[in-house]
Amino acid sequence: MPLELASFFRTTLPLDLSGLDALDQGRYHSLWMPDHLVSFWPDSIWTPEFTDLAEVSPSPHRYLDALTLAGAVAARTTRTRLATSVLDTVRRHPVMLAQSALTLSHLSDGRFILGLGAGERENLAPYGFDHEGTVSRFGEALRLIRLFWTTDGPIDFAGRFFTLEHARLDAELHTTGPPPIWIGANGPRMLRLVGELGDGWWPTGSAGPETYATQLAAIRESAEQSGRDPQAITPAKMVVCLIGEPDELREIMHAPLVKSLVLQLTADALAATGHRHPMGEQWRGIQDIDPRVLSRDRLLRLFEQVDPAAILSVVTHGTPKQVAAQIAEFGEAGARIVSVLDYGGMAGQAYAADSAHKVREVEDALLQFTGSTP
């Protein structure tokens, strides 16, 4: 089945907008800008002792504001859609999300996609944001955003998380209509919300094509129950990869930052392939990462416990053609848009320098496998 490509646009320093012309030529369906305060890579091992990447960047947490950057990208492009990957509904009030998305929709002439999620611990807990009830908060915020875009005049609302009294958002929609909302979702409640209120599904994580197909079926069932057209929801997938020849992959898997990729994988995913997660059987991957408790000593113990085979059992890996063939299986499972993330670049400067070329090779092979056109 033909697939379209999406690309990530880096939101960390040093800022580089020079490549936008090349990204705006029609190869990519959309450009996705990560929204973080804190990286998934613990700063306790972001030192020359563990990686030479620390020699060129003093911190893995040098993030810029994704919404502000999206405005700059909108002003410098004319063709490719742009999106946030993903904003959460804890750090930003729904009226601000609704207003920002409208602003970016007008700036981009209708090309903006509002990527939303419930939030992750590493961006919430260190700053005192309440990370309890995030899915319930997300559902309420999502409905409010829709309400702001569809209501003329003031809004009164009394919910569990938000209260509005004579609240207004009178800026008109762009002529193309409201910005589409694509939701980062994996759990059952979030998948139901995609079916009820989402325009697209933008999941990450270690789930394979079979799980992806099951989750997509749940989204479509939810859409039908809500009286919506299930086919109107765009299924996408962010695919985490490790790209290289066998000898190269063996070397990559020895790098501490690549070993720490296990923190982003769920215990359930590893258990499904017969492996035990070193963080315990309740570990939820990205949702549970907390940089405050990931000390050097704790991570050294983790590295001793990490089995590279466990990571490779759930992470797409191999030569560019092998990786492309594996990603193509997501298309067979229903995905229409995919992005390729090569985490092998975290193995060091030499691998980082070659990462973009490897990703391009995967994308080219993927387009050939699926009969797609760039």
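The side chains of K358 and E248 meet in a salt bridge, with N and O 2.7 Å apart. K358 belongs to helix α14 and E248 to helix α8 (residues 246-252), so this pair ties together parts of the chain that are 110 residues apart in sequence. The model is a predicted one, and within it K358 is buried, with a relative accessible area of 6%, whereas E248 counts as partly exposed at 22% relative accessibility.

The arginine R27 is buried, its relative accessible area being 13%, while D364 is partly exposed at 33%.

## Other charged pairs

A search of the whole structure finds 14 salt bridges. One of them joins R296 and E49, whose side chains meet at 2.5 Å, N to O. R296 lies in helix α11 (residues 296-305) and E49 in the loop between β2 and α2 (66-76), and the two residues are 247 residues apart, in distant parts of the chain. R296 is partly exposed, with a relative accessible area of 34%.

Charged side chains are also joined in a network of salt bridges, which links D35, D65, D88, R91 and R92.

## Packing of α13 against α14

Two packed helices are described by the angle between their axes and the distance between the axes. For helix α13 (residues 320-332) and α14, the angle is about 50 degrees and the axes are 8 Å apart. That angle makes α13 oblique to α14, and α13 passes α14 in a right-handed crossing.

On the α13 side the contact is made by P320, K321, V323, A324, A325, I327 and A328, which meet E361, V362, A365, L366, F369 and T370 of α14. Sorted by class, the contact of α13 with α14 has 10 nonpolar residues, one polar residue and two charged residues.

## Helix α2 and its surroundings

Helix α2 is mostly covered, with eight of its 11 residues buried. The buried residues in α2 are A66, L67, L69, A70, G71, A72, V73 and A74, and the buried residues of this helix pack against α1, β2, β3 (81-85), β4 (87-88) and α3 (94-107).

The axes of α2 and α3 come within 9 Å and cross at roughly 15 degrees, an angle that makes α2 roughly parallel to α3. The crossing of α2 and α3 is left-handed, and the contact is made by L67, A70, G71 and A74 of α2 together with S100, L104 and L107 of α3. By class, this contact of α2 with α3 has five nonpolar and two polar residues, and no charged residues.

S7 has its place in strand β1 (residues 4-8), where the residue is buried, with a relative accessible area of 13%. When residues up to four places away in sequence are not counted, S7 touches L23, Y28, S30, L31 and W32.

## Backbone geometry

Most residues other than glycine have a negative phi, and most peptide bonds are trans. Against that background, the peptide bond from L13 to P14 is cis, with omega near 0 degrees, and P14 is placed in the loop between β1 and α1. The peptide bond from S85 to V86 is also cis, with omega near -25 degrees, and V86 is found in the loop between β3 and β4.

Positive phi values in residues other than glycine occur at D109, where phi is near 60 degrees, and at H166, where phi is near 55 degrees. D109 is found in the loop between α3 and β5 (112-117) and is exposed, with a relative accessible area of 58%. H166, by contrast, is found in strand β7 (residues 163-167), and this histidine counts as exposed at 53% relative accessibility.

Notes: Residues numbered from 1 in each chain as written. Predicted model: local features only at pLDDT ≥ 70, side-chain atom pairs only at ≥ 80, totals over all residues. Heavy atoms only, no water. Salt bridge = Lys/Arg side-chain N within 4 Å of Asp/Glu carboxyl O. Buried < 20%, exposed > 50% of the residue type's maximum accessible area, 1.4 Å probe, protein only. Helix = DSSP H or I, 4+ residues; strand = E, 2+ residues; numbered from the N terminus. Contact = heavy atoms within 4.5 Å. Axes fitted to C-alpha atoms, helices over the stretch in contact; angles between N-to-C directions. Parallel < 35°, antiparallel > 145°, perpendicular 65-115°, else oblique. Left-handed = near helix turned anticlockwise from the far one by under 90°. Nonpolar A, V, L, I, M, F, W, Y, C, P; charged D, E, K, R; others polar.
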